[in-house]
Amino acid sequence: MADWNDKSIKLGDYKFFLILLSHMLITFVDGRGVDQFMKKRELPMHEGTVKTIESEDGDVIDCVDIRKQPAFNHPLLKNHTVQIKPHAQSRGIDEAENNPNMLFQSWHKNGECPEGTVPLLRRTQNFNHSRRSYPAFLHKKVAQLNDVNNPSNHEYAQVSAVDGNYYGARATINVWNPLTNFGELSIAQIWVLAGDGNELNSLEAGWTVNNGEKKTRLFIYWTSDGYQSTGCYNLDCPGFVQTNKNIALGGSIEPVSKYGGEQRDISIVIHKARSNSYSHSHFNNNDGNWWLQVQDQLVGYWPSSIFTHLAGTSDAISWGGEIVNNQPNGHHTSTQMGSGHFPNEAYGKASYFTKLGYFDEGNNVKDPENLEPFVTRPPCYDLRTGKDNKFGVFFYFGGPGYSANCQ
């Protein structure tokens, strides 16, 4: 009898082990984490919420009174008056991207935010909220900074326009869902920059995939002190003022491009709005706001008052891809950049940026010239530039990461 009890205990332990193992296999498959829907439901509602919408993919959207959004907790925005649209629209800014390839946020299937509110995504543990890093071309300027702000585990494939006087940037970005490992991310974005070192100001927008999530998300980021203590993703801290009730920053976007199939793009513009009373030596806090446009919609703005160097104009712009390489298993990560395929595979297979442009002093969109390419490790991720009548200034970028040539 004692022997049978011993065996029963051992059998019970074995069953428990199998259950635990199966749970672990379900949670992480091929380096991708399963979405944690229950944790999302447990997160608290945003202050000022008048309506909540849960999408089919598990995202929870709070429709928040526009006057109670996080921006107005910033000490420099306590008495700020919301600017619904720019005083003067830049030429080319209202270029609508209404075409069959337009992307969609699935939460709209289950409802819309009322007028006078803005959609805020409830934060989850699945999103990588780590601080951003310096764009690659700036690394040589900030070598004196510590490794936290100039990390060696960030890799890039990008182009940059430097030493200019820019009033904004634009691009159409091909959208994919690259494989990412837990604790890593893959990004395609625009950087609008001014200053350097601890005084670097940066405005950023694009798409990202985090922590093995099977969703591609729209994101923004900002900093006014070289990624030290200011700034954040999306509306996670006071700063960006949202005016649009249809686009949730941090929300998932769909559908994404298919290898050898239909390609999906997103048009992003960041531009400095000015009135006719603009003076080159002086910027009014309202007239100098930096506006974000996604597809054909103005989303909101970064007030110029929260910046130092970007209270004026930008002196550098970058476009391109970025990944985090934590070297899992002691070798280069298999986190993909772009489509996960190299630029030489070209359209339909490699990810791309098209219609690169910058805004000049006259609010005109210009083609950037003498772009400086930068690729951290070409055997892992690469880049190929070009220009034609259809796509304007463009480049293909990306790669698979770990391979026989990328160790």
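## Exercises on a predicted protein chain

A disulfide, that is, a pair of cysteine sulfur atoms within 2.5 Å, joins C232 to C237, with an S to S distance of 2.1 Å. The model is a predicted one, in which local features need pLDDT of at least 70 and side-chain atom pairs count only at pLDDT 80 or more, while totals for chains, interfaces and linings use all residues. Residues are numbered from 1 along each chain as its sequence is written, and side-chain values use heavy atoms, with hydrogens and water left out.

### Exercise 1. The disulfides

Work out how many disulfides the structure holds, and describe the link of C232 and C237 together with the pattern that the disulfides follow.

**Solution.** Begin with the count: the structure holds three disulfides. In the link of C232 and C237, the angle about the S-S bond is -85°, and the link is left-handed. Both C232 and C237 are buried, where buried means under 20% relative accessible area, exposed over 50%, and partly exposed in between, with a 1.4 Å probe and protein chains only.

Turn next to C63 and C113, which form a disulfide with their sulfur atoms 2.1 Å apart. This pair links distant parts of the chain, since C63 lies in strand β4 (residues 60–65) and C113 in the loop between β4 and β5 (117–121), 50 residues apart. The link of C63 and C113 is left-handed, with -80° about the S-S bond. C63 counts as buried because its relative accessibility is 0%, and C113 is buried with a relative accessible area of 2%.

The remaining step concerns C380 and C406, whose sulfur atoms are 2.0 Å apart in a disulfide. The link of C380 and C406 is right-handed, at 95° about the S-S bond. C380 counts as buried at 0% relative accessibility, and C406 counts as buried at 0% as well. With bonded cysteines counted along the chain, the disulfides follow the pattern 1-2, 3-4, 5-6.

### Exercise 2. Two serines

Decide whether S202 is buried or exposed, do likewise for S229, and name the side chain with which each makes a polar contact.

**Solution.** Start with the place of S202, which lies in strand β9 (residues 201–210); strands (E, at least two residues) and helices (H or I, at least four) are DSSP runs, numbered from the N terminus. S202 counts as buried because its relative accessibility is 0%. Its side chain is joined to that of Y227 by a polar contact of 3.4 Å. Such a contact is a pair of N or O atoms within 3.5 Å; within protein, one must be able to donate a hydrogen and the other to accept it, and residues adjacent in sequence count only if both atoms are side-chain atoms. Leaving aside neighbours within four places in sequence, S202 is in contact (heavy atoms within 4.5 Å) with residues including W191, Y221, Y227, F307 and L310.

Now consider S229, which is found in the loop between β10 (216–223) and β11 (232–233). S229 is exposed, because its relative accessible area is 57%. The side chain of S229 makes a polar contact of 2.8 Å with the side chain of D225.

### Exercise 3. An aromatic pair

Classify the pair formed by the rings of Y352 and Y396, and state where Y352 and Y396 lie.

**Solution.** A pair of aromatic rings is described by the distance of the centres and the angle of the planes. Rings of Phe, Tyr and Trp (its six-membered ring) pair if their centres lie within 6.5 Å; planes under 30 degrees apart count as stacked, over 60 as edge-to-face and the rest as tilted. The structure holds 17 aromatic pairs. Among them are the rings of Y352 and Y396, whose centres are 6.1 Å apart and whose planes stand at 85°, so the pair is edge-to-face. Y352 lies in strand β18 (residues 351–359) and Y396 in strand β22, so the pair ties together parts that are 44 residues apart in sequence.

Y347, Y352, F391, F394 and Y396 form one aromatic cluster.
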